[in-house]
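Please work through each task before reading its solution.

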Amino acid sequence: MAESLNTSVIILGGSIVGLCNALFLAQRGVPCILIERHAGSSPHPRAMGWTHRTMELFRTVDGLEAELNAIPSRAGGKPRRVATKTLNDKWDDESHWTNSKPALGIAQDKLEPILRAKAIVLGADLRLGYNMTDWSLNDDDDSVSLTATNSTTGGQVYNSGTVLTGDDDNGKMALAKTPAESRGQPGFRAPHIWLKRGDEDVSSLDLFCGGWVVLSKDPSWKERLGEVEHVECVIVGHGVEEADQGAFEVAFGVDNTGAVLIRPNGYVGARWKDSTALGDVKQVHKLIRHTSS
């Protein structure tokens with residue numbers, strides 16, 4: 001008889017994307033079970049290097065960036081970009097993978113065991129060597145049930161109460177028609193701008209992924225949000241400074257009195273284009289409940 005287990009999130013697939021989902025959910029204390037049909041990583045990895053954005057996300061996990069940087073890069077060095085007509089032609093216009101901090105040159109089969117170990121330490125339940133054989137959506141509570149089997153232990157039934165939806169009431173994400181419209185728009189990843197913290201150059205992205213954050217240049221937001229729990233208010237110009245004046249307004253699509261609410265995953269949850277847009281502090285509570293559900 002199959003054993004039945006309940007969890008908040010079920011993740012199918014334990015390669016890079018699935019492992020990162022398990023890692024970041026566990027980091028937030030969200031119960032999750034990952035199911036992967038293979039017993040380990042593929043001996044023929046497809047990915048050999050990782051971009052700056054990937055490292056920004058890994059940096060949010062305590063100790064992970066230092067552990068990855070301690071691993072020697074592959075024999076050819078860090079990933080690079082080249083221009084060539086065919087793979088047999090001479091490489092022309094060789095350049096770095098990114099224009100800012102260097103990317104990480106670690107093969108996928110070397111990275112995945114590190115991510116698995118971190119995810120397990122943080123509380124993720126990883127089930128390697130399991131095949132999903134059946135699944136169903138429970139209409140009464142919108143939860144999901146699935147059955148996975150292992151050649152050694154037999155059947156397992158997993159039940160999850162989490163169903164992912166979009167950002168509006170219809171479950172659909174509002175899409176921008178032009179790139180400019182997406183700046184700071186709810187549902188999009190928070191944009192990068194360079195900031196100064198003392199003598200240190202930091203990205204605006206380094207301010208996020210640690211919890212809910214309200215970012216503004218107007219100090220009055222800090223006073224208005226004083227009653228809101230579990231939300232950090234960061235004021236540009238107080239502790240952190242713009243590297244380029246006006247970059248905050250341009251990147252986030254607000255004026256110098258506006259603000260944005262950033263979710264723990266680094267995406268914009270709400271935007272107020274000026275200081276008059278927030279009618280009541282209860283609106284922030286409602287937005288956090290809505291975007292967390």
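**Exercise 1.** Are phenylalanine 248 and phenylalanine 252 buried or exposed?

*Solution.* The model is predicted, so local features require pLDDT of at least 70 and side-chain atom pairs pLDDT 80 or more, while totals for chains, interfaces and linings use all residues. Residues are numbered from 1 along each chain as its sequence is written, and side-chain values use heavy atoms, without hydrogens and water. Buried means under 20% relative accessible area, exposed over 50% and partly exposed in between (1.4 Å probe, protein chains only). Phenylalanine 248 and phenylalanine 252 are both buried.

**Exercise 2.** Characterise the aromatic pairs.

*Solution.* Step 1: rings of Phe, Tyr and Trp (its six-membered ring) pair if their centres lie within 6.5 Å; planes under 30 degrees apart are stacked, over 60 edge-to-face, and the rest tilted. Step 2: the count is 2 aromatic pairs. Step 3: tryptophan 221 and tryptophan 272 form a tilted pair, with 5.4 Å between centres and 40 degrees between planes. This pair links distant parts of the chain, helix α5 and strand β16, 51 residues apart; helices (H or I, at least four residues) and strands (E, at least two) are DSSP runs numbered from the N terminus. Step 4: phenylalanine 248 and phenylalanine 252 are also tilted, at 5.3 Å and 35 degrees, and lie 4 residues apart in helix α6.

**Exercise 3.** Why does serine 203 count as buried?

*Solution.* Serine 203 counts as buried because its relative accessibility is 3%. Serine 203 lies in strand β11 and touches Glu56, His192, Ile193 and Trp194, not counting residues up to four places away in sequence (contact: heavy atoms within 4.5 Å).
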